Amino acid sequence: METDPKHHHLQRSIPIDDSWDVIVAGGGPAGCTAAAAAAREGARTLLIEATGCLGGMGTSGLVSAWCPFSDQEKIIYRGMAQKVFEACKAGMPHINPDALDWVAIDHERLKRIYDNLVVESGAEVLFNTFLADVETDGDGNVTTLVCAGKSGLTAYRAGVYVDATGDGDLAAGAGAEFVKGDENGALQPGTHCFVLCNVADYAFRTGENIWTGNPKSPVHLIHKSDKYPHVTHAFCCPALEGPGVVCMNAGHVWDVDGTDPATVSRALIEGRKIAAEFRDGLAEFHPAFANCHLVATGSLMGIRETRRIVGDYVLTTDDYLARRSFDDEICRNCYYLDVHLSREEAALQAAGKLDIEKRGMNYGKGESHGIPYRCLTPRGLGNVLVAGRAISCDRAVQGSVRVMPVCLAMGEAAGIASAHATERDGDVHAINVARLRRRLREEGAYLP
């Protein structure tokens, strides 16, 4: 037998579990609602998650706050999304119960909320299980997922698969067409979120706002100081998580690709240095943080973009600007076009040569756009749906649809659709979209 020095060929069989109707890969917001919704529709559902808890960036990633749930008039991410959001707020007495936008996250509470959502729906969860390979029948249908865990390699089969990995790992592994980053392949920077404790509450609430948008924020002083060389950009979105506890979505790490473990590893090391310097800089420049303690950094790197899977429809910036509605839309979205600066753009901004206000696009009160079901159906694949930040859209729109509220809403739609597709030989393109939209409305979704 000839040997290939560049590759190792496995020559052993692995066990197969083929007892599932739907398998969801990825237990972030989209994956949680997808699994729960599929199980609620009666599908035998398995959720595979690479880490030890559900929630993705809202839990393991320590993201500081929910992006807005409202269009400045009313909540628009409803159904399961609203239930998760309200359940999280309910355990935070310092949060106004009526607050809808930029609400702080209690990460430990949110873990339990997602656990309950998925388990009580009847779905099963496999933690610490990593998607390793995807096999197809050669005609656009996934046949098997090969996963890795403490028991070794195991194969799983279902009629329909939902890719909620964030990076489009399942769909790309099955051969789906995808796009990454801008026209040159450059990706938005990552952020390694962290938590500070022993912050003086009153001084934090009444002192200088450390949000980046405040020109007097001490974060700008930290960025300009030679003492903190790893704080290369004055980006900071803080939130008061609990008494004396401030969670920080702060700092940028460039040249990180979420599909490349080597760059993610380097970014995590860099991110921990950034967090430590933010702590020391805030202790120097803001009285509220004089005695603060860096208590945790995220176990996940905050990745804003990697692959965008090309679907039956590509949502465009023109659609966003037109506030377009679609006959097959499965949710509405109102978040702004939030594409973070490249390293070069950050340098221009620091030099006063770039006005970032001109980059984004904010809707007025009551305005939103639809997301069509066709953005969730990968072109050329028969039994795969995508939910979350890897859906079919252009790069600017991805900067809007990548955040947690809309991912929760997309996931619920994907879950219902996946269950319905099991009745159509797994063909996600053949479901009755009117029935899907009716079920979403019955469960409380906002589809005007």
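User: In which handedness of crossing does α2 pass α3?

Analyst: In this predicted model, the handedness of a helix pair is read by looking at how the near helix is turned from the far one, and α2 passes α3 in a right-handed crossing. The axes of helix α2 (residues 80-90) and helix α3 (residues 107-121) come within 9 Å and cross at roughly 140 degrees, which makes α2 oblique to α3.

User: Which residues of α2 and α3 meet?

Analyst: From α2, Met 80, Val 84, Ala 87, Cys 88 and Ala 90 take part, and they meet Arg 109, Leu 110, Ile 113, Tyr 114 and Leu 117 of α3. By class, the residues of this contact of α2 with α3 divide into nine nonpolar, no polar and one charged.

User: How are α1 and α11 placed relative to each other, roughly parallel or roughly antiparallel?

Analyst: Angles under 35 degrees count as roughly parallel. The axes of helix α1 (residues 29-40) and helix α11 (residues 404-421) cross at roughly 30 degrees and come within 7 Å, and α1 and α11 are therefore roughly parallel to each other. As for handedness, α1 passes α11 in a right-handed crossing. On the α1 side the contact is made by Pro 29, Ala 30, Thr 33, Ala 34, Ala 37, Ala 38 and Arg 40, while α11 contributes residues including Met 404, Cys 407, Leu 408, Gly 411 and Glu 412. The contact of α1 with α11 has ten nonpolar, four polar and two charged residues.

User: At what angle do α11 and α12 pack?

Analyst: With helix α12 (residues 433-442), α11 packs at an angle of about 130 degrees, the axes being 10 Å apart, and the two helices are therefore oblique to each other. Here α11 passes α12 in a right-handed crossing. The contact brings Glu 412, Ala 413, Ile 416, Ala 417 and His 420 of α11 to Arg 435, Leu 436, Arg 439 and Leu 440 of α12, and its residues divide into five nonpolar, one polar and three charged.

User: How many cavities of 30 Å³ or more are there, and which residues line the largest cavity?

Analyst: A cavity is a space where a probe fits but cannot get out, and the count here comes to two cavities of 30 Å³ or more. The largest cavity has a volume of about 60 Å³, and among the residues that line the largest cavity are Ile 76, Tyr 77, Arg 78, Ala 409, Glu 412 and Leu 440. The elements that give two or more residues to this lining are β15 (329-333) and α11, with β15 supplying the largest share, three residues. By class, the lining of the largest cavity holds eight nonpolar, one polar and three charged residues.

User: What volume does the second largest cavity have, and how do its lining residues divide by class?

Analyst: About 30 Å³ of space lies in the second largest cavity, and its lining includes Leu 187, Gln 188, Pro 189, Val 256, Asp 257 and Arg 304. The residues of that lining divide into four nonpolar, five polar and three charged.

User: What is the volume of the second largest pocket, and which residues are the closest to its centre?

Analyst: A pocket, in contrast to a cavity, is an open set of points. The second largest pocket has a volume of about 290 Å³, and of the 18 residues that line it, Asp 182, Ala 186, Leu 187, Ser 342 and Arg 395 are the closest to its centre. Helix α9 (residues 343-350) gives the largest share of this lining, three residues, and the lining of the second largest pocket divides into six nonpolar, four polar and eight charged residues.

Note on methods
Residues are numbered from 1 along each chain as its sequence is written. This is a predicted model: local features need pLDDT of at least 70, side-chain atom pairs count only at pLDDT 80 or more; totals for chains, interfaces and linings use all residues. Side-chain values use heavy atoms; hydrogens and water are left out. On a 1 Å grid over the protein atoms alone, a cavity is a set of points where a 1.4 Å probe fits but cannot get out, and a pocket is an open set with protein on both sides within 12 Å along at least five of seven lines; lining residues have an atom within 4 Å of a point. Grid points are joined across faces, edges and corners, and a volume is the space filled by probe spheres set on the points. Helices (H or I, at least four residues) and strands (E, at least two) are DSSP runs, numbered from the N terminus. Ala, Val, Leu, Ile, Met, Phe, Trp, Tyr, Cys and Pro count as nonpolar, Asp, Glu, Lys and Arg as charged, and the others, Gly among them, as polar. Axes are lines fitted to C-alpha atoms, for helices over the stretch in contact, and angles run from 0 to 180 degrees between N-to-C directions. Angles under 35 degrees count as roughly parallel, over 145 as roughly antiparallel, 65 to 115 as roughly perpendicular and the rest as oblique. Contact means heavy atoms within 4.5 Å.
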